[in-house]
Amino acid sequence: HAPHRGIQTKRRTYRQKARKAYLAVAKQRHVKHRTLRKAIGQQLRFVVRNLRIIADYQKQSSLTLLSKQQYKQLLVIHELYRQQSDMYTKRSHRIEDRIVSIHQPHIRPIVRGKANARVEFGAKVAISLVNGYALMEKLQWDNYNEGVTLKDSVETYHKRFGCYPEAVLADKIYRTRDNLRYCKEHGIRLSGPHLGRPSKKEQTEQKQQARQDAAERNAIEGKFGEGKRRYGLGLIRVRLQQTSETVIALQLLVMNLEKRLRVLFFAFFRWLFSNAVLRVSTR
């Protein structure tokens with residue numbers, strides 16, 4: 001409205017009424033379905049009214065008066081209104097690439113079903129652990145099935161080290177028919193029981209192998225906890241998508257450097273104490 005001051009009256013946006021109507025429902029502990037639907041429809045009408053006002057101003061002037069950030073947020077709000085209006089019309093609660101944040105439109109809700117957080121927001125990272133070093137295999141903001149990453153991870157391992165791994169210790173979600181067939185073709189042992197009914201001897205061996213695999217696989221589960229507790233992997237405060245991905249990669253790099261540093265210190269102290277023992281024994 002700035003270029004039109006003194007020429008025409010500023011259009012009303014009813015933002016105070018919209019805020020008051022939102023808080024009247026948001027502060028309720030238990031909201032009925034009919035009340036919630038009525039409130040969503042009211043908020044959608046507030047938004048589409050403001051978008052029509054911006055479209056009228058655009059005919060008289062230009063959107064170049066907006067900053068880069070404002071123009072980006074305007075495009076996000078248009079898409080957000082389209083998604084919410086579509087779900088409101090179809091009486092649905094699900095839509096592809098649902099936007100949950102205007103400032104971070106790349107974030108998607110991921111249903112985890114945990115006790116303290118039923119839905120989580122952020123990047124979903126798949127990592128592999130080789131000799132204690134964490135390697136990022138896949139980073140994606142949309143939810144995906146972890147089982148599809150096994151083949152790519154094994155092929156990446158082959159490119160890095162020039163051979164296929166002897167065994168892959170993975171969760172049950174990775175034990176699909178395609179992954180089992182793939183590992184069998186390349187002579188890789190995938191953790192878990194073999195297909196078919198085993199004999200008593202094989203059953204005992206499989207139980208022992210399963211306990212050993214579970215003990216060794218605890219390292220990859222603990223790696224996520226270590227990254228969240230000590231390196232801030234669960235508290236990323238940057239906004240942009242590229243910056244967030246860079247921060248995640250840097251945190252994994254720092255974790256690997258700390259691991260390498262511990263290995264070097266251990267080797268140094270072992271060499272130091274072994275020489276001290278040799279000096280004592282030669283006197």
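User: What does Tyr 174 touch, not counting residues up to four places away in sequence?

Analyst: With those left out, Tyr 174 touches Glu 146, Gly 147, Thr 149, Leu 150, Asn 179 and Leu 190. Contact here means heavy atoms within 4.5 Å.

User: What sort of model is this, and how are residues numbered?

Analyst: This is a predicted model, in which local features need pLDDT of at least 70 and side-chain atom pairs count only at pLDDT 80 or more, while totals for chains, interfaces and linings use all residues. Residues are numbered from 1 along each chain as its sequence is written, and side-chain values use heavy atoms, with hydrogens and water left out.

User: OK. Which residues make up the largest nonpolar core?

Analyst: Tyr 174 is one of 9 residues in it, together with Leu 150, Val 154, Val 168, Ala 170, Tyr 182, Cys 183, Ile 188 and Leu 190. A nonpolar core is a set of buried Ala, Val, Leu, Ile, Met, Phe, Trp, Tyr and Cys residues joined through side-chain atoms within 4.5 Å. Buried means under 20% relative accessible area, exposed means over 50%, and partly exposed is in between (1.4 Å probe, protein chains only).

User: Which elements give two or more residues to this core?

Analyst: Helix H4 (150-161) and helix H5 (177-185) do. Apart from this core lies another, of 6 residues, including Ile 127, Ala 134, Tyr 231 and Met 255. Helices (H or I, at least four residues) and strands (E, at least two) are DSSP runs, numbered from the N terminus.

User: Changing topic. How many residues has H2, and what span does it reach?

Analyst: H2 covers residues 33-60, which is 28 residues, and it reaches 41 Å from first C-alpha to last. That is close to the 40 Å expected at 1.5 Å a residue, where the expected span is 1.5 Å times one less than the number of residues.

User: Which residues in H2 are buried, and what covers them?

Analyst: The buried ones are Ala 39, Gly 41, Leu 44, Phe 46, Val 48, Leu 51, Ile 53 and Tyr 57. Their cover includes helix H1 (15-26) and helix H3 (68-90).

User: At what angle do H2 and H3 pack?

Analyst: The angle is about 145°, and the axes are 11 Å apart. Axes are lines fitted to C-alpha atoms, for helices over the stretch in contact, and angles run from 0 to 180 degrees between N-to-C directions. The crossing is left-handed, meaning that the near helix is turned anticlockwise from the far one by less than a right angle.

User: Which residues meet there?

Analyst: From H2, Arg 37, Ile 40, Gly 41, Leu 44, Val 47, Val 48, Leu 51 and Ile 54. From H3, they meet Leu 74, Ile 77, His 78, Tyr 81, Gln 84, Ser 85 and Tyr 88.

User: Next, where is His 103?

Analyst: His 103 is in the loop between H3 and strand E1 (109-111). His 103 counts as partly exposed because its relative accessible area is 43%.

User: Which side chains does His 103 make a polar contact with?

Analyst: Its side chain pairs with that of Gln 73 at 3.3 Å and with that of Arg 239 at 3.5 Å. A polar contact is a pair of N or O atoms within 3.5 Å; within protein, one must be able to donate a hydrogen and the other to accept it, and residues adjacent in sequence count only if both atoms are side-chain atoms.

User: Last one. What is the phi of Asn 131?

Analyst: Positive, about 55°, although Asn 131 is not a glycine. Asn 131 lies in the loop between strand E3 (124-130) and strand E4 (133-140), and is exposed at 67% relative accessibility. Arg 91 also has a positive phi of about 55° without being a glycine, and sits in the loop between H3 and E1.
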